[in-house]
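Hi everyone, thanks for coming. I'd like to walk you through one model today, so please have a look at it with me.

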Amino acid sequence: MNAPLAEDRLQCILDLLARHGSLRTTALTEALGVSGATTRRDLDTLERRGLIRKMHGGAALASQDQGYQDRAALHQGRKTDLAQTALGLIRPGQTVYLDAGTTARSVAQALRRTPELTRTLRVVTHGIDVAYELNGECPLYVVGGEIYGSTFSLTGPDALDTVRRYRYDLFLVGCTSIDPTRGPTNSNLIEAQQKAAIIAQSTRTALIADSSKWGPPGFATFARFDQLRDWVTDHAPADARAAFEEHGVQVHQPQLR
């Protein structure tokens, strides 16, 4: 079998890292059927694009190389502001699906501070930390599955089957990046599939993502712009705002303090 061409090799490397989390360079070389020098050049290319992080003797997806607690410590004030803005989209009595991840945890914490709203809701999530924050605050349904440590989430075939059984009034979803032409993306294929399935079951989907997510290349797209109703962000660059509003997406930003 012929060795894959350059861009095909890059995609193969991303696919392999998405499945395994991290791999040694020798394993990637064997899987691709190329020389070690070619694999190392490909890894250099992917690192320059911001898609992977090289480690001693191997590589991992960029987002997976950063621990959950490290990400939770980043931009805490910004996440709090976005979470408070997102609460303005929730109506009493709704069934709300709350995504996993550090921004979703900030939304859960904001919900704890507004019990008069939260106690009227039914919340569904696959986020372990989100469930911890909301335990005892409202009717809470946790989707079961395999633990994905990078986001403290429950994923896999069982989770995918479960989220397809129900309907949601509002899905508050995060992302790894926002591709200007393809839409929001996730670094993990399984999580991307799960987000797409939840969107299909939701009356309204609101993306919560700060402006740093706009533009970087992503791995797995989980939604088109026209599948979103809202974008909650700290700042909307002109080209980003135009891309969202072209598809009827409302842009929401925290009020200046």
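This is a predicted model: local features need pLDDT of at least 70, side-chain atom pairs count only at pLDDT 80 or more; totals for chains, interfaces and linings use all residues.

Before we start, one term: two strands count as paired when DSSP finds at least two bridges between them. With that in mind, look at strand β9, residues 168-173, and strand β12, residues 202-208: they pair in the parallel sense over five bridges.

The mean pLDDT of the protein is 87, and 88% of its residues reach 70 or more. Please be careful with residues 70-74, though, where pLDDT stays under 50. For that stretch the model has eleven contacts beyond four places in sequence.

The protein has eleven helices and 15 strands. It has 257 residues, and 51% of them count as buried. If you take the contacts between residues at least 6 apart in sequence, 65% join residues at least 24 apart. As for the surface, the protein exposes about 12500 Å², with carbon and sulfur atoms supplying 49% of that.

Back to β9. Why can we call β9 largely enclosed by the rest of the structure? Because five of its six residues are buried.

β9 also pairs with strand β4, residues 95-98, in the parallel sense, over three bridges. Here V96 has L170 as its bridge partner in β9, and Y97 has F171.

Let's stay with β4 for a moment. In a regular strand, side chains alternate between the two faces of the sheet. In β4, T95 and Y97 point one way, while V96 and L98 point the other way. Are these four buried or exposed? All of them are buried.

β4 has another partner too: strand β5, residues 122-125, pairs with it in the parallel sense over four bridges.

Last stop, the surface. Which residues make the nonpolar patch of about 250 Å²? They are I128, I147 and F152. I128 lies in helix α8, residues 128-134. Its relative accessibility is 33%, so I128 counts as partly exposed, since that class runs between under 20% for buried and over 50% for exposed.

That's my tour, and I'm happy to go back to any part of it.

Definitions and conventions:
Residues are numbered from 1 along each chain as its sequence is written. Side-chain values use heavy atoms; hydrogens and water are left out. Buried means under 20% relative accessible area, exposed over 50%, partly exposed in between (1.4 Å probe, protein chains only). Helices (H or I, at least four residues) and strands (E, at least two) are DSSP runs, numbered from the N terminus. Patches are made of residues with over 30% relative accessible area and no salt bridge: like charges are joined within 9 Å, nonpolar side chains (Val, Leu, Ile, Met, Phe, Trp, Tyr) within 5 Å. Accessible areas come from the Shrake-Rupley method with a 1.4 Å probe; for residues, only the protein chains shown count as cover. A salt bridge is a side-chain nitrogen of Lys or Arg within 4 Å of a carboxyl oxygen of Asp or Glu. pLDDT is the predictor's confidence in each residue, from 0 to 100. Contact means heavy atoms within 4.5 Å.
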